[in-house]
Amino acid sequence: MTTTLIIGAGGVGRVVAHKCFLNKEIFGRIILASRTLSKCQTIANELNQKIEIASVDADITENIIDLIKKYNADIVINVALPYQDLTIMDACIATKTNYLDTANYEHPDVAKFEYKLQWQRDEAFKKAGIMGLLGSGFDPGATNVFCAYAQKHYFDTIHSIDILDCNGGDHGYAFATNFNPEINLREVSANGRYWEDGKWIETKPMEIKMVWDYPQVGKKDSYLLYHEEMESLVRHIKGLKRIRFFMTFGQSYLTHMQVLQNVGMLGIEPVEYNGCKVIPIEFLKKLLPDPATLGYRTKGKTNIGIVATGYKDNQKKRIYIYQVKDHEECYKEVKAQGVSYTTGVPAMIGAKLMLQGTWSGSGVFNMEEFDPDPFMQQMNAQGLPWHIQELPVDE
Ligand code: NDP
């Protein structure tokens, strides 16, 4: 029987556990491991104790090796934090176990999103004869697959891609983040960056804004950010001249963030306080609502998609592929809000395609390197139905 090891019992881990269990004919024996065992226990209770649980400190490779060996896992689904990507990948290399994650590695002391250190493990994955699938969430994840789908079915060449991420949900708090606050705030407060004519162009945080009319959500201010999937898409979508990423933020969120930044609460350097070393953003995380608890109070919809422009048979074309998800519907199904849901379901789908051998290979891969069709079909079947719309080319 297949054995699936999920590491991380936060908002996303909950969705992955629920969805793997719903597909248990593929995932077999399911073990949910995390730093805090009680969080695993709560999720196991939701599933009537039909999954097993374990505690692990995934910052230490040896611990993960022991855990993988104990359960003889066939795949590790890493939905802990990006800080643990390398230790978990190294444990997978040592034990020859397949690996999947949803966010690229970050060092806790350097707010830098890049695939370099994960791509460097390609050779070791090849030697071990195992597969690593990087960024199998929504963005990165489904958005990479949307690009591959557009390339396969709609274009000879894609010239430009805009990735458009809208969370139109409201949790009723003055300020909260919808996934891990530390990771979210580091990402949003960093300089923006986009790629044009072969080079990266840096912008100040929130410097570039546009208004986009998101189907089923409405018009929203959308700000240019750097986002990790651009790094791999630039490599793999041939002929691309420009790629940008936009995310929606309400004015209240931006004002709170600006104030927190101005007073130093987003800092990642330790500050001496009463003889203790305090990292401001870690302390802030303690004060903010845990994203895993936002589910029951979040209303509204997410809409994430891509707009691709290019040529087919010498005709200019512009298409929009997007997915809309209702927060309350997600909570009803798996006790999680939409952002955890739209991340956890693609993680489960990526792992399912790996276990079935539909997506296979030795080495480290990004999502757009595989045939997008089976993933797109699974999105429709597993709760993330998508839409395609042709847009006027002169917009
Ligand atoms: P949470 O903070 O809710 O959950 C993270 C979980 O990982 C917690 O249970 C935490 O344990 C556990 N964890 C942290 N450090 C360790 C460690 N050293 N050893 C073992 N377990 C550990 O985060 P989310 O669920 O919101 O996000 C999970 C991942 O998904 C993140 O990497 C995030 O960046 C990614 N993500 C990806 C998206 C995408 O579309 N691609 C979108 C949103 C998120 P404890 O409870 O003890 O702290």
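Predicted model: local features only at pLDDT ≥ 70, side-chain atom pairs only at ≥ 80, totals over all residues.
Me: Where is the largest nonpolar core, and which residues have the most contacts inside it?

Reply: In soluble globular proteins, nonpolar side chains tend to be buried together. Here the largest nonpolar core has 86 residues, and Ile77 and Met379 have the most contacts inside it. Helix α14, residues 338-356, gives the largest share of this core, with eight residues. There is also a second, separate core of 29 residues, which includes Ile31, Ala54, Ala58 and Ile93.

Me: What is Met379 in contact with, leaving aside its neighbours in sequence?

Reply: Beyond four places in sequence, the contacts of Met379 are Phe138, Ala142, Phe146, Gln323, Ile349, Leu384, Pro385 and Trp386.

Me: Which helix holds Met376, and is Met376 buried or exposed?

Reply: Met376 sits in helix α15, residues 372-381. Its relative accessible area is 1%, so Met376 is buried; the cut-off for buried is under 20%. Distance in space is a separate matter: Met376 and Asn366 are ten residues apart in sequence, and their C-alpha atoms are 16 Å apart.

Me: How should I read a helix such as α9?

Reply: An α-helix has 3.6 residues a turn, so residues three or four places apart point the same way. In helix α9, residues 181-189, nine of the nine residues are buried, so the helix is largely enclosed by the rest of the structure. The buried residues are Pro181, Glu182, Ile183, Asn184, Leu185, Arg186, Glu187, Val188 and Ser189.

Me: Which elements do the buried residues of α9 pack against?

Reply: They pack against strand β12 (242-248) and helices α11 (251-262) and α12 (280-287). At the start of α9, a side-chain oxygen of Asn180 comes within 3.1 Å of the backbone nitrogen of Glu182.

Me: How many residues surround the ligand, and which are the closest?

Reply: The count is 28 residues, the closest being Arg35, Thr36, Lys39, Ala58 and Asn180. By class, this shell has 13 nonpolar, ten polar and five charged residues.

Me: Which residues place an N or O atom by an oxygen atom of the ligand?

Reply: Among them are Val12, Asp139 and Asn180. For Val12, a backbone N or O atom lies 2.9 Å from a ligand oxygen. For Asp139, a backbone N or O atom lies 3.0 Å from a ligand oxygen. Asn180 uses its side chain, with an N or O atom 2.8 Å from an oxygen of the ligand. The ligand taken alone exposes 930 Å², and the protein buries 93% of that.

Me: What should I check in the backbone?

Reply: Most residues other than glycine have a negative phi, and most peptide bonds are trans. In this model a cis peptide bond joins Asp139 and Pro140, with omega about 10°. Pro140 lies in the loop between β6 (131-134) and α8 (142-154). Asn48 has a positive phi, near 50°. Asn48 lies in the loop between α3 (37-46) and β3 (52-55), and at 58% relative accessible area Asn48 is exposed. Gln216, also not a glycine, has a positive phi of about 70°, and its place is the loop between β10 (209-214) and β11 (218-224).

Me: Where is Tyr173, and what does Tyr173 touch?

Reply: Tyr173 is in the loop between β7 (157-167) and α9. With 32% relative accessibility, Tyr173 is partly exposed. Not counting residues up to four places away, Tyr173 touches Pro289, Leu294 and Arg297. The side chains of Tyr173 and Arg297 are joined by a polar contact of 3.5 Å. Along the chain, Tyr173 and Asn191 are 18 residues apart, and their C-alpha atoms are separated by 26 Å.

Me: Is Thr3 buried or exposed, and which strand does Thr3 lie in?

Reply: Thr3 is in strand β1, residues 3-7, and counts as buried at 6% relative accessibility. Leaving aside neighbours within four places, the contacts of Thr3 are Phe27, Arg29, Ile31, Tyr71, Asn72, Ala73, Asp74 and Ile75. One of these, Ile31, is included in the second core.

Terms used
Residues numbered from 1 in each chain as written. Heavy atoms only, no water. Core = buried A, V, L, I, M, F, W, Y, C linked by side-chain atoms within 4.5 Å. Buried < 20%, exposed > 50% of the residue type's maximum accessible area, 1.4 Å probe, protein only. Helix = DSSP H or I, 4+ residues; strand = E, 2+ residues; numbered from the N terminus. Contact = heavy atoms within 4.5 Å. Near = heavy atom within 4 Å. Polar contact = N/O pair within 3.5 Å; in protein donor to acceptor, adjacent residues only side chain to side chain. Areas by Shrake-Rupley, 256 points an atom, 1.4 Å probe, with all protein chains shown as cover. Nonpolar A, V, L, I, M, F, W, Y, C, P; charged D, E, K, R; others polar.
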